[in-house]
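Please open the structure in your viewer and keep the selection tool at hand.

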Amino acid sequence: MRRKLAAGNWKMNGTSDALAQLTALRNAHPTPGVDILICPPATLISAAVVTAADHPLAIGGQDCHMAQIGAHTGDISAAMLKDAGASYVLTGHSERRTDHNETDEMIRNKTKAAHAEGLIAVVCIGETLKEREAANTLDIIAGQLAGSLPDVLTAENTVIAYEPVWAIGTGKVPTTNQIGEVHDYIRTKLEQRYGAGVGKSIRILYGGSVKGSNADEIFAVSNVDGALVGGASLKAEDFSPIITALENA
Ligand code: PGA
């Protein structure tokens with residue numbers, strides 16, 4: 001009932017020659033059995049939308065401002081992403097939380113701004129290594145969910161990405177039991193807050209060092225509806241096996 005999603009986050013990587021990776025991706029998956037999303041740097045969004053035209057490959061932003069317009073040098077609004085052809089935006093990625101001191105409240109407002117423009121928000125949450133070692137993971141997840149999600153949302157306009165900070169870009173991946181524990185917990189929290197219908201329908205992605213070689217076992221975990229992939233989304237030849245693993249899950 002939940003359509004699976006393979007999402008790639010290029011972060012601050014890629015100039016126009018990287019568009020060739022999108023072409024390779026669409027050629028490798030002419031009729032994908034799962035949703036595919038690539039979030040390139042903002043400078044490439046318009047061109048990426050053109051490259052992905054007439055293919056289900058969706059293009060998203062990596063962040064948006066909470067305001068629609070205004071004096072915010074260097075920032076990009078949800079309306080601008082929408083205008084450029086994006087259909088998704090990441091909110092609350094741990095690198096935004098760390099590099100730009102983004103709080104749960106800011107992330108909630110960004111998520112609302114995304115929804116107001118008709119974008120699908122991929123709201124990212126996850127604990128640090130210190131928090132996990134102190135056995136605080138589920139409390140941190142509960143707090144981030146409570147603070148980063150608006151009171152009103154739908155399963156169509158919201159995706160959750162669970163990304164343990166210590167697994168991002170490190171090659172370290174939680175055990176499947178650890179992933180399952182957090183995903184099941186997120187599912188329960190969503191059902192409690194938004195009701196069973198919405199709570200059961202929101203997609204929950206896992207992110208953090210997902211590769212072709214570990215995708216099968218991660219996608220077999222309960223309540224894992226796809227992945228948010230950084231490093232392994234930059235090259236079509238690395239991302240493609242993850243898409244295939246998700247199609248076969
Ligand atoms: P990674 O990044 O796949 O390179 O670990 C994941 C992410 O930050 O979304």
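Please bear in mind that the model is predicted.

**Stop 1: helices α9 and α10**

Two packed helices are described by the angle between their axes and the distance between the axes. Select residues 212-219, which form helix α9, together with residues 236-248, which form helix α10. Their axes lie 9 Å apart, and the packing angle is about 20°. That angle falls under 35 degrees, and α9 is therefore roughly parallel to α10. The two helices cross in a right-handed manner. To display the contact, show the side chains of G212, A215, D216 and F219 in α9, and those of P241, I242, A245 and L246 in α10. Sorted by class, the residues in this contact of α9 with α10 are six nonpolar, one polar and one charged.

**Stop 2: helix α1 against α10**

The crossing of α1 and α10 is right-handed. Which residues of α1 meet α10? They are Q21, A24, L25 and A28, and their partners in α10 are A236, F239, S240 and I243. The contact of α1 with α10 comprises six nonpolar and two polar residues, with no charged ones.

**Stop 3: helices α5 and α7**

Now select residues 104-116, helix α5, and residues 137-148, helix α7. The axes of α5 and α7 come within 7 Å and cross at roughly 45°. The two helices are therefore oblique to each other. On α5 the contact is made by D104, E105, I107, R108 and T111, and on α7 by G143, Q144, G147 and S148. In this contact of α5 with α7, one residue is nonpolar, five are polar and three are charged.

**Stop 4: the largest pocket**

Next, select A42, Q62, D63, R96 and H100; among the 20 residues that line the largest pocket, these lie nearest its centre. The volume of the largest pocket is about 550 Å³. Which helix gives the most to the lining of this pocket? Helix α4, residues 94-99, does so, with three residues. The whole lining of the largest pocket divides into eight nonpolar, six polar and six charged residues.

**Stop 5: the second largest pocket**

The second largest pocket holds about 200 Å³ of space. Select K11, G169, V229, G230 and G231, the closest to its centre of the 19 residues in the lining. By class, the lining of the second largest pocket has seven nonpolar, nine polar and three charged residues.

**Stop 6: two loop residues**

Most residues other than glycine have a negative phi. Return to K11, which is placed in the loop between β1 (5-9) and α1. What is the phi of K11? The value is near 55°, which is positive although K11 is not a glycine.

Finally, select N223, in the loop between α9 and β8 (226-229). The phi of N223 is near 65°, again a positive value in a residue other than glycine.

Key
Residues are numbered from 1 along each chain as its sequence is written. This is a predicted model: local features need pLDDT of at least 70, side-chain atom pairs count only at pLDDT 80 or more; totals for chains, interfaces and linings use all residues. Side-chain values use heavy atoms; hydrogens and water are left out. Axes are lines fitted to C-alpha atoms, for helices over the stretch in contact, and angles run from 0 to 180 degrees between N-to-C directions. Helices (H or I, at least four residues) and strands (E, at least two) are DSSP runs, numbered from the N terminus. Angles under 35 degrees count as roughly parallel, over 145 as roughly antiparallel, 65 to 115 as roughly perpendicular and the rest as oblique. A crossing is left-handed if the near helix is turned anticlockwise from the far one by less than a right angle, and right-handed if clockwise. Contact means heavy atoms within 4.5 Å. Ala, Val, Leu, Ile, Met, Phe, Trp, Tyr, Cys and Pro count as nonpolar, Asp, Glu, Lys and Arg as charged, and the others, Gly among them, as polar. On a 1 Å grid over the protein atoms alone, a cavity is a set of points where a 1.4 Å probe fits but cannot get out, and a pocket is an open set with protein on both sides within 12 Å along at least five of seven lines; lining residues have an atom within 4 Å of a point. Grid points are joined across faces, edges and corners, and a volume is the space filled by probe spheres set on the points.
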